[in-house]
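Hello,

Here is the structure I promised to pass on to you. Have a look at it first, and then read my notes below.

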Amino acid sequence: MVHFPISLLLVALVLEIIDWKNKSDKLKEATKILVWIGAGSALIAVAFGWLLANEGDYGGDDLEIHRWAGMATAALSVLSAYLIGRKHVSAFRSTLFLTVFGVSFAGHYGAMLTHGDDYLTSVLPSSDSKLSPDAQDADFVLTNAGALNDQQLQDLNVEVRTILAHNCYSCHGEAKMKGDLRLDSKEAIMKGGENGVVVVPDHPDKSELIRRISLPKGHKEAMPTKGKRLTEKEVNVLKFWIEKGAKWPDGKEKSIYRVAALEPRMPVIPNASGDIILPVDRFVNVYFQKNQITWKPVVDDRTYIRRVYLDIVGLLPAPERVEAFAADGRPDKRELLAKELLSRNDDYAQHWLSFWNDALRNDYSGTGYITGGRFDITKWLYTALETNKPYNGFVRELISPVKGSEGFIKGIKWRGTINSSQRTEMQAAQNVSQVLLGLNLKCASCHDSFISDWKLEDAYAFANIFADTLLEINRCDKPTGKIAGTRNLFPELGEISINESTEKRLRQLADLLVQPKDGRLYRTVVNRIWAQLLGRGIVEPVDMMDNMPWSQDLLDWLAADFVANGYDMKKLIYTIVTSKTYQLPSTSVKEAEDIMASTYKFTGMVRRRLTAEQFADAISLSFNPIYGDTSIVSKLLPERVNTKLPFARAALVKNDPFLTALGRPNRETVSTSRTSQANLLQALELTNGDKFTQTLKRGAKEWKAKYPTSDSLVTALYRNALGRNPLLKELTTARKILGSKPDEEGIQDLVWALALIPEFQLIY
């Protein structure tokens, strides 16, 4: 229903883009008619949507968002129609734009309700093959005419459940049961739905399930009703399963999803070969040989020093430091440089503070801080980074908090009405699992997960560890009357006492998670650091550690070595940045999504854009400070920090439109990676934003007074910004911009142009 008003209003918006004054009377009238019809159909869509919600088996956050977004946009559409009738052109255009956006937003959530959360991704070409690795290897399927042995039965069961999970659970699973039919267990499948049984063992020709999935697309009884249909192979697998008696093996079911090993593993380090000496490089060499990838020469000194400065302390190297490093003839100068940078404790802390602020959703202002519903951890976090607190102690104090670190697990106490999955106890469960263990409990906080084996009961049992009183399980925000008790996500690590106080339970949980035998905790953090330094994790996404790594041995060795070295974060970083692998030339991808592709091949660091804080600091160092000293959140930091700041670093200031545009995330949610792709908002901020413009104006005055000639100004600017002298053609171009005697406007233009070139904006 929503597609009709969207189409009409989009056409009206396109017509409205044509200047109103120059538009013909017929076009004006057509626009009015389209808007009025669109408004009327939007109201009808809202009415039918409300009825559908009340009569159907829908619930949860998506329903509420869809309901209220639909009502709001219907009201906006009526307002648009009113304004066009009154010829309030400017106001009409604004409300029309908001209406088109709003009705599209409401329609998106409506589609999620009726067709499942994956209604978009399920029709992408990349989703054609969703069978598990084990299932794809089940060669006996479709070719076996005899009885199945136990292993074949197990493999067939995995394949059948995989097909059903990816194609049917969104409508016929634990969260939603259209037609009173569930397909996520043997008992439910054999029971059937409101129209009777759907599977008749030994008889695929009599099974309603096979009839429905075999119907042509568009047939009113075809299933799935929307999105991508099952492939011919998938249909044949289900037929084969029913033909063989629709058997379901007894005992514990094998997961249809990949589940990474929990225990640590120290793989044998491969043999050295030539200059492939360090352990990291030896593992990568095995990977290169397997994938027929040739080692390339390492980057030059100027590229390396800029790269490692930005990665370890987040700053550009001074031009004099670049020259001295390039002239240094010592064979171990890169190792010495890494050690020197890692010893700059405050610079290191000021840079890595942004990474951990994002992950631990710690900010300096925002929701909850004024009302006392949220607690700042900045001082604790800064000190932990500055003193290089061992990671096991770091995690222990986040989970079983000391004074100053409690903000992470206490989360945000939202004002007003919230759903059950936003309770502070559930936030703690979600955040600990995501940040520290690389797994997603957010879906399982509302219903059994569609993308993993985690169940609603698992999420509540884990959340109860953080709760003062046991929580009642809510499924899609509806109370079930059940209580889950308390349980660690990985019982192999040990159990949590249900009768202990919250404080003691948190201490127990912290002790269990930081054990050396919790390989997942340490694989997760080394993967995050690898991704931060090389642009792409060994496992991607970094919050889904059950995904296949491109090198399991490298990941396991890094985690085991990290533990063996006393959980020392700086030693981990040193191990990576001194490897030949880190020093390889950077690479790029054609499309952003290629980085996440399962077919990704590692060949070196992925070229990436400076973060918001790195860019701001680079401008501050090379030209003029963006922020003044009064911008620093001094009261939140250790007292000594102000005396150790080279300038007002962007990591220590409150978020603003400039930093937001350049990618600093909203820290009301966990953010463990930032996009490196340029976007329109960034371009607009750098071309028209007030913060950047005012910085250029202030700096231009000082540079004009300091450098009276164009050549001296250009040379100094290039050395500060790029660590090199300008080329002749660059100097010639700059002279044209500045003239013989630079003026302030010309200096602003030159700095602006220099700040936008890839050599400045990218880490190569």
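**A buried aspartate, and then the rings**

Asp-543 counts as buried, at 16% relative accessibility (buried means under 20% relative accessible area, exposed over 50% and partly exposed in between, with a 1.4 Å probe and protein chains only). Before going on, please note that this is a predicted model, in which local features need pLDDT of at least 70, side-chain atom pairs count only at pLDDT 80 or more, and totals for chains, interfaces and linings use all residues. Residues are numbered from 1 along each chain as its sequence is written, and side-chain values use heavy atoms, with hydrogens and water left out.

You will find Asp-543 in the loop between α21 (519–534) and α22 (552–564); helices (H or I, at least four residues) and strands (E, at least two) are DSSP runs, numbered from the N terminus. Which side chain makes a polar contact with the side chain of Asp-543? It is that of Thr-672, at 2.7 Å (a polar contact is a pair of N or O atoms within 3.5 Å; within protein, one must be able to donate a hydrogen and the other to accept it, and residues adjacent in sequence count only if both atoms are side-chain atoms). Leaving aside residues up to four places away in sequence, Asp-543 also touches others, including Gln-434, Asn-440 and Arg-528 (contact means heavy atoms within 4.5 Å).

Now for the aromatic rings. Rings of Phe, Tyr and Trp (its six-membered ring) pair if their centres lie within 6.5 Å; planes under 30 degrees apart count as stacked, over 60 as edge-to-face and the rest as tilted. By this rule there are 31 aromatic pairs. Tyr-304 and Phe-325 are stacked, because their ring centres are 6.5 Å apart and their planes are at 20 degrees. This pair links distant parts of the chain, with Tyr-304 in helix α11 (residues 301–312) and Phe-325 in helix α12 (residues 319–327), 21 residues apart. Tyr-304 is buried at 0% relative accessible area, and Phe-325 is buried at 2%.

Phe-562 and Tyr-567 instead form an edge-to-face pair, with 6.4 Å between centres and 85 degrees between planes. Both belong to a cluster linked by ring pairs, whose members include Trp-352, Trp-380 and Tyr-522.

Finally, the whole chain: it has 31 helices and 4 strands, and 53% of its 764 residues count as buried.

Enjoy exploring!
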